[in-house]
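These are my notebook entries on a two-chain model. I set down what I looked up, chain by chain, and then where the chains meet.

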Amino acid sequence: MTDKRHPDEERQALAAEHALGLLSGEDERRARELAASEPDFAREVARWRGRLAPLAGELEPVDPPPSTWKRIAVSIEPPEAGSNVIRLHRKITMWRGATAGMTALAAALGGVLVLQPRGVPPPVVTPQPAAPPMVAMLSNDQKDMKVMASWNPATRQLVLAVAGDMPPDTTHAHELWVIPAGGKPRSLGTMGDSKQMHMRLADAIASLMESGATVAISVEPPGGSPTGSPTGPVIASGSLTRA
Amino acid sequence: MNNSVAIGAPSVGVLFAFWRGSGMEDRMNRATDPGPSDDLAALMRSVARGDSGAFRLVYDRTSAKMYGICLRLLGSEAEAQDVLQEVYVTVWRKAAQFDAAKASPITWLGVMARNRAIDRLRQRRGGGEQLDAAADIPDDGPLATAVIEQEQDSRRLAHCLDELEERTRTMIRAAFLDGASYPELAEREGVPLGTMKSWIRRGLLRLRGCLEQ
């Protein structure tokens with residue numbers, strides 16, 4: 001249904017249709033890809049949202065039932081103690097199960113880490129000697145070692161071991177960051193209250209996990225930093241080094 | 001394989017005792033102080049700093065409007081409530097991305113509510129159509145699906161809609177207010193899909209021409 005004679009006009013119409021929500025299937029997919037990859041297209045979609053927005057003023061307000069607020073209030077609370085990692089679904093995938101590779105790594109680290117399998121089938125792990133595992137000891141200014149991060153580039157898995165229990169903190173989240181040497185902090189997600197966290201990092205993040213990069217924990221609003229950069233104090237940090 | 005837990009490091013409690021006692025917590029608390037402002041945009045700034053009291057006020061002042069949008073589009077109270085929940089959880093996490101220079105908080109929320117509700121309609125129609133390839137991920141990255149450039153003046157929009165053929169105007173309004181899709185509109189009017197698309201496309205481009213004058 002696309003008009004091949006006027007590609008610009010076709011695209012502008014697509015932006016309008018996308019903003020209006022008329023598209024589905026392949027057309028919608030294409031519009032989303034364009035919106036993600038082409039700033040001019042994204043801007044035209046944004047303009048259409050602004051152009052059409054006053055129409056929403058015609059709709060009558062309807063009070064939602066009180067139960068809706070209760071559901072919202074519960075879902076923005078930080079995780080309860082013991083409820084394990086993450087209510088947020090950051091770029092990383094959380095792996096709650098132990099894997100063969102991580103258990104081997106834990107053994108290699110002198111039994112500091114011992115993992116609890118929880119029913120997630122371990123992925124097949126092929127260690128690659130070219131990319132050695134790395135560790136970072138995260139500590140505060142007093143050099144009390146508290147959190148150990150173990151990174152296996154071959155499997156893109158990061159394991160955090162926390163000593164003791166993190167006290168439930170209903171007003172803040174603890175967010176984990178990687179800061180490449182000379183680079184900006186990138187979020188790895190917020191930390192739950194469990195003693196171990198397993199994450200499989202996306203390729204883009206995994207490439208930052210190089211020797212000399214800093215791993216840090218900051219205090220953030222529930223759900224993590226709203227800006228994508230650390231906004232609260234850093235409570236622990238350490239450098240990645242070869243294990 | 002050893003399944004027991006053995007941690008060889010000192011208690012993390014010390015770590016948190018460290019930061020609690022260091023004045024950092026006081027600084028955090030001051031930073032989230034909502035301040036006296038009643039203004040919705042100011043409340044959004046407080047929400048962006050993690051102020052849950054401000055978040056409740058934003059909800060109280062805007063949720064009826066958002067629920068009205070969701071209910072109209074979805075026609076189901078249960079689904080409208082689900083979408084409302086998604087919208088406000090996103091607001092809590094993404095309030096920092098709200099740009100008061102471009103649109104009012106009500107408009108920003110309305111765009112989010114409408115987009116989420118229309119995604120639901122699509123899933124319903126398409127038997128669970130998934131668009132995750134480029135779909136907005138609620139918890140990650142900028143909220144691309146709610147970026148707004150300069151909100152239109154409502155009188156100007158009404159005037160320009162009036163300039164369109166009545167049929168086209170009705171179709172565009174049905175798409176916006178009811179979430180009607182191309183096939184639904186074509187069926188409603190008893191015309192082929194291609195005809196409906198060219199009516200609406202022509203109408204939208206004409207509308208833009210009028211608004212930009």
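Entry 1, chain A. I looked up burial and found that 51% of the 243 residues of chain A count as buried, where buried means under 20% relative accessible area, exposed over 50% and partly exposed in between, with a 1.4 Å probe and protein chains only. I note that this is a predicted model, in which local features need pLDDT of at least 70, side-chain atom pairs count only at pLDDT 80 or more, and totals for chains, interfaces and linings use all residues. Residues are numbered from 1 along each chain as its sequence is written, chains are lettered from A and ligands numbered from 1 in the order in which they are written, and side-chain values use heavy atoms, with hydrogens and water left out.

I recorded six helices and 10 strands in chain A; helices (H or I, at least four residues) and strands (E, at least two) are DSSP runs numbered from the N terminus. Of the chain A contacts with a separation of 6 or more, 61% join residues 24 or more positions apart, a contact being heavy atoms within 4.5 Å. I found an accessible surface of about 10,600 Å² for chain A, with 53% of it belonging to carbon and sulfur atoms (Shrake-Rupley method, 1.4 Å probe; for residues, only the protein chains shown count as cover).

I checked pLDDT, the predictor's confidence in each residue from 0 to 100. Chain A averages 73, and 68% of its residues score at least 70. The mean is highest in helix α3 (residues 39-52) of chain A, at 93, and lowest in strand β1 (residues 93-94) of chain A, at 33. Over residues 80-108 of chain A the pLDDT is below 50, yet the model gives this stretch 91 contacts beyond near neighbours in sequence. Residues 125-129 of chain A also stay under 50, with five contacts beyond four places in sequence.

I recorded 10 helices and zero strands in chain B. Of its 213 residues, 49% are buried. Chain B exposes about 9,700 Å², of which carbon and sulfur atoms supply 49%.

Entry 4, a helix pair between the chains. How do α4(A) and α4(B) run relative to each other? The axes of helix α4 (residues 66-76) of chain A and helix α4 (residues 52-74) of chain B come within 12 Å and cross at roughly 150 degrees. The two are therefore roughly antiparallel, the label for angles over 145 degrees. I listed the contacting residues as A:Thr68, A:Trp69, A:Ile72 and A:Ile76 of α4(A) with B:Phe55, B:Arg56 and B:Tyr59 of α4(B).

Notes:
Axes fitted to C-alpha atoms, helices over the stretch in contact; angles between N-to-C directions. Parallel < 35°, antiparallel > 145°, perpendicular 65-115°, else oblique.
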